[in-house]
Each structure stands twice: as structure tokens, then as C-alpha cells.
Number of protein chains: 2
Amino acid sequence: MGVNTNQLLSSCCLLFLAGFSSGGKILVFPEDGSHWLNMQFIMKELHVRGHNLTVVRSSRSLYIQASSPLYTVITVNITETAVDAEFFTILLQRSVALRKMSPIVRFFEQQRDVATMLQIFHNGILSLISTMLDDSTLMKELQDSKFDLMLTDPAFPAGVLLGNYLHLPMVYNVRWLNTGDAHMAIAPSPPSHVPMYNSMFSDKMDFLQRTENFLRYVVSCLQEQFVIIPIYDKLLKKHFPSDSDLLTMQRSADIWLMRVDFILEFPRPGMPNVVYMGGFQCRPSQPISAELEDFMQSSGEHGVVVVSQGLTVTALPKEITEAIASAFAKLPQKVIWRYMGERPLSLGNNTMLLDWLPQNDLLGHPKTRVFVSHGGTNGIYEAIYHGVPVLLLPLLFDQFDNAVRLEVRGAARVVDVGTITSKEFLEALQDVIRNPSYRNTMQKLSKLHRDWPLSPLDSAIFWIEYVLRHKGARHLSSEANNLPWYSYQCLDVIVFLIAIISTALWASIILCRLLCCRSNKKQKKD
Amino acid sequence: MGVNTNQLLSSCCLLFLAGFSSGGKILVFPEDGSHWLNMQFIMKELHVRGHNLTVVRSSRSLYIQASSPLYTVITVNITETAVDAEFFTILLQRSVALRKMSPIVRFFEQQRDVATMLQIFHNGILSLISTMLDDSTLMKELQDSKFDLMLTDPAFPAGVLLGNYLHLPMVYNVRWLNTGDAHMAIAPSPPSHVPMYNSMFSDKMDFLQRTENFLRYVVSCLQEQFVIIPIYDKLLKKHFPSDSDLLTMQRSADIWLMRVDFILEFPRPGMPNVVYMGGFQCRPSQPISAELEDFMQSSGEHGVVVVSQGLTVTALPKEITEAIASAFAKLPQKVIWRYMGERPLSLGNNTMLLDWLPQNDLLGHPKTRVFVSHGGTNGIYEAIYHGVPVLLLPLLFDQFDNAVRLEVRGAARVVDVGTITSKEFLEALQDVIRNPSYRNTMQKLSKLHRDWPLSPLDSAIFWIEYVLRHKGARHLSSEANNLPWYSYQCLDVIVFLIAIISTALWASIILCRLLCCRSNKKQKKD
């Protein structure tokens, strides 16, 4: 019953199956940033298995390369975009400010921020997809290309809209959609135990937390209905049949490859066409460069702290940088810090700054003692895979929720970006390094995470090819996707039954009164 | 991307992994009847993989053998049981009578029947489990045996109670629980698109059907609460801690191996610890006896009709038997009929009666044209596996619902047991034989059903051994299992919010009135 056997076997399976695969024509519409890193893992595997890939990107894309030997690129020319590196710096400053507010003020400010951010992102996407749909030559070309499948990350709906326009079977590589967890779009998500995006609750909530979570649920539905949907109204009217609506299109994907593993995520309802592939990007570590290896070895018995702050944040605020740097300087460990920005004044001799680091290979290195991370999903799954305990400093987006998940499992400590001090950071860091419970828990999680009948990546590839083989997977799509929300929740039936019962009661009362009156009158007459 | 390749590979996987397995001590508490057939498939595989099996059975069991070379048997002596062959004959007569009633009368009669049947079955189970728990020597022996796992079919809760009593990690081999689909116990089951047990609705319901389905949902919750739970009250008080309740115990299994495949079942919400293994018993057909083979070949180009009425019903009512037999006599096909009872008077020369038949091997035989079945789950999955179209004559239990599922997919015709005539039966049978759409649809379903990354049986074995390896799978159990139903549905939160909003409104109205009064008085004074 060996875990490694399973993995070995799974790789064998894929190699074995590879010989039988015949290439499909796949149109890929990725998202930018860390989402693009994710998509590349799947694309590389699809390329190896002989599939023909075409990628759609915006000319203002921050990370998606304009050309590649692995795929054909369609670049859509966009004149401007609000989402650049500076935008993320502003977001980060705002995030730090939010963490300093009282919970109630923060709740309302957060909702306002989310609404604003949704508008900025979606208007950018609208501009991209409008440009495409308005370009009849491009559309004709895409239609004539006769793709077999659309593979897209539906965090923003450009790919969803294009896939529906071209009537392609669709597979999602997905984690977020509209205002939160993509599950919310297709699976029941009772707010009694499914914590909402940004709530920072676990699945075990007290009454007041459940109340707040319920309110967050309602607000998120309203934001979807009144912020996101209206943005695409005109576009839908112009390019799609009259009864089209965005939510139905979003729900129409054949397979949802969800970047979730319940080793991290709280257990929650799913659907038959949801395939879990959390941690699909994880792999055994490879040897690192001689220079890095020397640095790792120079740490001796103390080992190394690996630090990364993610792809989107290029520079942390100065006060945070200095607090962290001075804490690192006090450690007996060596530190490798992926860092872009001005060199901190309090940096110690034990710390090496790099503008890129082989994160997976370092996390799998035997000298690594702890991973200091912003809490991005990719990094967290890599830490789980390699069984390395984590100190988390969440900065943006889902990082706060990811942090809660790892913290309640006892595999991480979390430091608040709003109130961070060097002393507190050092104490937390030393705790994670010295207290064996964090490492032991992470090793247990790692063992569970690596124990599968088919690896998450193999599973993803299987289901993509399943959709190719059968030209869709409609039999796995729930009829719920076609019901309006009030019918889905049986509200129409409940109202109808209440009306019937009330009418029956009311009629009985009237009848009783009439009978009473008559008998009274009769008595009086007698 | 070959389907057969996957199957071949999956078998290889299991053989390969077998070498690495170390035996676990597994306590098996099966259900009787066709459920026992299911359990045996898993047990055989577990035995091959070196696990040590102990089976608990009642001395009045109809099918579970008292000894076997594959497992140790614990027989619990029970003095009497209401559930015998005659009981099923009475059930069948009642079922035929119900089919003749108007829908509204049938609804109420059905609910009364279900309540009565639940009481009969559960009182039998109560007697079995009470005898066991009262037997302190047996309990000591079981505790000392230090089992690693309880594998049980929780349709009735004897295994669940024993597993909880012994504090064993638990894996369910499950389809039904309490008053219907086992999903209802752990996964959201919105009655807007999840048809209830015995409703005979598909997942696409009109408003009145949704209303009826909602009522069935409510009635089934009430039956669970007021019929089933009270039966075990005394037992729980006597043998379990004071805060124990049956539903929580039922929900506490680590893994639910669900005998469901969405090739047949309507897509519906699931949970992370639910593993689907519908059709796990299906396998390629083996050569049949020379006598049977001769009979099959003698059918020539017309082929053969294979007929089975399941395990529980030993004899169909005479009028049905004669209607069917006379229809068969008019066919150019040969007929093989699994039949127990008096030889029908109108039986034709083309029909062979057998009291047992190698169903799977016959369904996989190239001469088989159609399968006439009562609609039991095992038979239906075997028909799907082999791509044989079906004529269904549902008699009892879930067979009516199974029939609807296959009928709406266009892979079967259904004949009503309440109104059956020879003419109608013949017409339906000829339609299924002659109209190629039934066979084509079945072949498509078969192709989809056989296309998996890991076979359903291998998947079941993987998850049983997963629980053995990790001594449970608590991280896959939802926090929802610990919430009372009103909290799960957020009803407490909604009432609280309505109370707050009403109070705020009421306070504002009072305040406004006070202010108005004051200003009026002031005006009058002025």
C-alpha cells in the first residue's frame, strides 16, 4: 500500500496511454499572473501528448508570452489596461490599510473595494472580448479552425464567452469565478459551513460568524447580479441569441478542473462534473544551481528559510520589508529571499536576495526548514507536497483564506500584514522552526496529499481527453444549471404551498363563522 | 485515448499494487439479498489482496452463507424474522395494487406502506443488533480482535451501530439509507432537481412535480425523525454515550462507496468523501455452458431475449406471468427466462425456463438482443456495461426510479406492472428489439460507462485501503455533519436577521410617530 508506488504507477499510466492518444485541436484562453503558471503545467502535458494548442492573449498581458514553440498564439491588440504592476502596488497598500481597521468598518470597506475591483477587472475583460467578437475576420478564422475544445480559466469570462460563441465543448481550469469560490456557480454552498471568500472563517463557525458569513453570501450574490452581469449586457445583446445570460454560459462547461484538494480546502459539496486537481503542479524537486547548493549547505545544521512573496506583488511596503529583514538577521538559519525592490537597510549577512528562485526545488531540499510565503495557492500546495511548515504573511485576494486553512490544520503560523512588527515576526518564525508539531503536521498532510489513485495532473489530462473523446460530457451537467435561483431553492414551491394552506385555513375560518352565525340566528329564532 | 486500454491498465494497476499491500483486519456487516451480491464482489477482491475478513450475519439470513473459505463468519442467533420469501410476495401483490390506484391515492398509500415497511425492517435490525450488544462475551471478543476497519452496507443501521460501538474507521458500500438515496444523509439534495425515492420523476420537473417532490422530501424527513429514530432510542440509551444520536453516527463514515454512476443517475451534489463505484460488479462475459451456448446459437439471426426478475421476487402474480409468457411465444427470438414458480400455461417452445442464469455472461453474449428486467440496480448496470437495450417491468423498491432513469436516456421501454397486458408487453418488446435507437443509445452509454481512469472496483479497493493506511479519512468529512438541520439550512440566522430588521423598523416607526406627535402638539400650541 505504498504511496510512492501509486505515483510511479500513475506516471507509467500516462506514458502508457500517451501512445494511444490522437491529438485534439485545443483553444486555450488563460488568465494572466499566477493563473498563467497553472495553465502552462497543463499545456505542457497536453503538448507532450500530441495535442495542438492555440493560446489567446491580450497585447497588454503581463506574463503570457507572445510566442512559444509549444503553441500558436493569437494576440488581441488592446490599447490600454488599468491592470498593471502599479495597480497591484496600490491594491497592496489598500490591503495593509484594511487590516488596520475594525472588523465592521473593514467588512463594508472590503465590499466596496471588491465592487470597485470587479468593475476594473471586468471592464478590461469586456474590452478584450469585444475587440475579438467585433473582429469578424478573426471570428471567421476561429470558426474555420474547427477547434475540438476550449480550455479556459473562467476567473474572468472572456474565454467563457468565446467558447460559447464558437459552440465548443469546454473544460475549465478553475478556482475563482465572479465573486468567490467557483463552486458557488454550480454546487450548493450552504453558508452555514462553507466560509465565503475573504471571510477568514473556518468551516466551524459560531452563530455570529455564521450570520456574517450569510450576509457575505447575500452581498456576493448581489455583487454578481448588479455589478458583474450588467457589464456584459450590451455585448450579449450584440453577439449572442436573445435569451443568453452570462451565468448560464458560465455554468455550461463540461468539466470543471478545480484547483482544490481537501487536504487544504474545507470539505464542501461538489458536483459530478467537478474534478479536483489541487496541487497538480507539484513535482519532485530537481537539483539546484551550484551557487544555491553551496549557500544551502553553508547553513549547516540550522538549515534554510525560503521566502517568496508571489508573482503579482513586486515590492512590499518599506516598513514591512525592514521588519522582516531585521527579524531574518537575528536567525542562526540562512535565508533565501525572492525579493524585488530596494535592498532593506537591516538586511543581515545570512540573507541572499534573488529576483527569482526555483521555489519547488528549494522546498524539496533537505536543508529547508520553513517557507515564508504570502499564501498563494501554488506555493501552499508546493509546501504541502514537500511537507515544509509555513509562516504566512497574506497580502491580497485569496491569500488570507488560504492562510486560515493551513493555520487551523496546525501546519502554519500567520502574521497580520496590518500590524506586523519585527519582534512578532521573529517570534512566529522561531516558533515554526523550533516547534516540531508544525513540521509533523505538514508531513502528515503531505503523505495524505500524495496518496491518490491517479495524480492530480494525470486526472486533469484524463478528463480533458474524455471531453475530446466524447465531444463533451453533458450527462454530468446538473439540471440545476437551468433553474432560476428561486426555483432551485424551492422558494416558488414554498410560497405556493403557504398560499394554499393559508387559503384553506382562511376558508375554514370563514366557513366556521358562517356556520356559527347561522346556528346563533337559529337559536335566537327558537 | 482507447477505452479498453484504460481498463487493461487499471487491472494492471491493481495487480501491481497487490504486491505492496499488507493485510488489514476488516469487519464486514453486509445487508441481505442483492446487497449481499454487491458486497461479495468487494470482499473477493479484498481477499485476493490479502486482507483478513470477518462477516457478521443473522441466523435467519436468506442469502449470506454460514461459512466460506474467504472469510470468518459470526452468526448471531435470532429467533424470528418477519422478512422472509413470503413477505416479498405480499410486498409484490401490494405493489401491483398500488400501480392501479390514482396518483393522489397512491401517494398517500405509498407513504403509509413505507412507514409500515420501515418499522418491520428496522425492528428486525433492532433485534439483531440488540442481541449482539447485549452479548458481552461477543462484544469483548470483537473488541479484542482489534479490527482496522468496518465495511458495511448502512441501508439498515446494525453495522453502523456496531462500528460506532467498536470505534472503528468505517467505509460504506451504500446506495440507500433511511428513507431514500444515501446522499440525502450527507449531501445537499435540493428537491427542485433531485427526484425523491419512489417519485418516478426525472431531474427535469414541472412546477407541480417539483411541488410533489418537495412534499415527498418533507414526508421523508418526518418518517426518518418519527418512524426510524425512535426505534433505536432505548438501544442508544443503553449502550452508547448520552449525547449519541443515530443520524450523526450514520454520517460519521470515513468513505461512502456509492453504488452510483452518473451514466444512469441524474447529476446531483456529492461530497468529498463520497466515491462513486456504480457498476463495480460488471466484468467481461465468460463462456457459458455448452447447453446454453447451443440454445443461444439455435436462435439464428433473430437472437435471444434474456429475462430476469431479480433475487427477492421468487414468483410473479399469475396474470403477469401468463401475459409475459404468451407474448414471448409470439416472438421469432429465443427466450431464456430466469423463473421460479408454476410453469405458465401459455409458454411457447422458444422459451427456456431456468431457476438461475449466468446473467452477466448472457448479457455479454453476441446473440443477446434485449434484456427483460425488473430494473434492479445490478442488472441495469450489467446491461449498460454490455450495451444491451432493456425492457423494464419494475416490481418493487428502487426499481421504478431506476426504470425512469434508463427510460429518459432513451435506452429502455418501461411496462407498468399494474396495467400490463400481453399485447402491450409484446408491442414494447418488439419496439426495443426492432428500433435501433435503443441499442445505439445503450452502446453510447456503455462506451461512456467503461471510460474511467480507474475501474469502479479498483477505485473502491483504493479507498478502503486508503482508510486502512491512514486509519480514517476525517479530513474529508464535512463540518455540516455536526450541525442541526435548522443551522445547516441557516434558518436560525435568517430568523435572527428578520428579528433584528423588524425591531429596527418597529423602533424607527415608533420614533417617527413620537416625533410627529411632538411637532403636531407644538404646531397646535403655536
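Two strands count as paired here if DSSP finds at least two bridges between them. Keep that in mind as we walk through this predicted model.

Strand S8(B) and strand S9 (residues 274-276) of chain B run parallel and are joined by three bridges. In one of these pairings, Met258(B) has Tyr276(B) as its bridge partner in S9(B). Turn to strand S5 (residues 170-174) of chain B, and you'll find four bridges to S8(B), again with the strands running parallel.

Now hop over to chain A for the whole sheet. Seven strands make an open, parallel sheet, ordered S3-S2-S1-S4-S5-S8-S9. Strand S3 (72-76) and strand S9 (274-276) of chain A are the edges, each pairing on one side only. On average, neighbouring strands are turned by 20° against each other, direction ignored. Further in, S4 (residues 149-152) and S5 (residues 170-174) of chain A are linked by three bridges, and Met150(A) has Met170(A) as its bridge partner in S5(A).

Finally, the helices. Helix H18 (residues 456-470) of chain A packs on the sheet, touching S1, S4, S5, S8 and S9 of chain A, and its direction makes about 170° with that of S8(A). Helix H4 (residues 103-134) of chain A lies across S1, S2 and S3 of chain A, running at about 105° to S3(A).

Key:
Residues numbered from 1 in each chain as written. Chains lettered and ligands numbered in written order. Predicted model: local features only at pLDDT ≥ 70, side-chain atom pairs only at ≥ 80, totals over all residues. Heavy atoms only, no water. Helix = DSSP H or I, 4+ residues; strand = E, 2+ residues; numbered from the N terminus. Axes fitted to C-alpha atoms, helices over the stretch in contact; angles between N-to-C directions. Contact = heavy atoms within 4.5 Å.
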